[in-house]
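Thanks for making the time this morning.

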Amino acid sequence: MSLPIYSCFHPILREKTKEVEEITPEIIKLAQDMIVTMHQADGVGLAANQVGKLHSIVTINTAAFEDAKVKYKDLVLINPVITYFSEEEINYKEGCLSVPTIHENVDRPRSITLTYYDLLGKEHTIEDDDYFARVAQHELDHLQGIIFTDLISPMKKTLIKSKMRKIQKGELLPEYQFVDQNDIVL
Ligand code: ZN
């Protein structure tokens, strides 16, 4: 089932998610719904608070991207933690399903080591760089209430101000189901 995606102006995008303590049928269903939602919105990654749930869950799909060295198809990361960041940084363009139409460059460490649990509760470690490292860092930031537009230069922030205001007013809507900060979701 596809879920609506919350705007960057919704307060839930600024909340820290909580660790998953047990893989319940609800958690499995949420992860499955996040994968469907990510595909439907044409995204490469999604964090649970982007669909209104405060669990530490991220989904990633880099399968379609040619510049991804290792392609991860519908990867579900439960309680992901980055245990190593390289000193070397790269500058790369990012976008976000919660911030429609905005694409800006962000500096981030080039390589990471990431540990997470899968839906069977098994622990895994991934060491990767470039594309996967970029997507994973963006999504794990969401779990801490950080949005990529927080990380762009002050000058760029000024340049995107009018577009951001339109998103805030609900005047710039994506094609997928979207929840802005004024919507009440029951
Ligand atoms: Zn995002």
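Predicted model: local features only at pLDDT ≥ 70, side-chain atom pairs only at ≥ 80, totals over all residues.

Let me start at Ile57, which touches Val20, Ile27, Leu30, Met34, Leu46, Ala47, Ala48, Val76, Leu77, Ile78 and Leu143, leaving aside residues up to four places away in sequence; contact here means heavy atoms within 4.5 Å. Residues are numbered from 1 along each chain as its sequence is written, and side-chain values use heavy atoms, with hydrogens and water left out.

Ile57 belongs, with Met34 and Leu46, to the three residues that touch the most other members of the largest nonpolar core, which has 19 residues. By such a core I mean a set of buried Ala, Val, Leu, Ile, Met, Phe, Trp, Tyr and Cys residues joined through side-chain atoms within 4.5 Å, where buried is under 20% relative accessible area, exposed over 50% and partly exposed in between, with a 1.4 Å probe and protein chains only. The elements giving two or more residues to this core are α1 (25–40) and β4 (75–85), and α1 gives the most, with six residues. Helices (H or I, at least four residues) and strands (E, at least two) are DSSP runs numbered from the N terminus. Apart from this core lies another, of 18 residues, among them Ile60, Ile112, Leu140 and Leu143.

Now to the metal: which residues coordinate the zinc ion? The donors are Cys96 (SG), His138 (NE2) and His142 (NE2), at 2.0 to 2.2 Å, and their spacing in sequence is C-x41-H-x3-H. Cys96, in the loop between β5 (89–94) and β6 (104–109), and His138, in helix α2 (residues 130–143), are 42 residues apart, and the pair links distant parts of the chain. Donors are N, O and S atoms within 2.8 Å of the metal (3.2 Å for Na, K and Ca), and since water is not among the atoms, sites may look incomplete. Cys96 is buried at 10% relative accessibility, and His138 is buried as well, at 6%.

Asp128, in strand β8 (residues 123–129), is buried too, with a relative accessible area of 10%.

Finally, the protein as a whole has four helices and nine strands, and buried residues make up 49% of its 186 residues.
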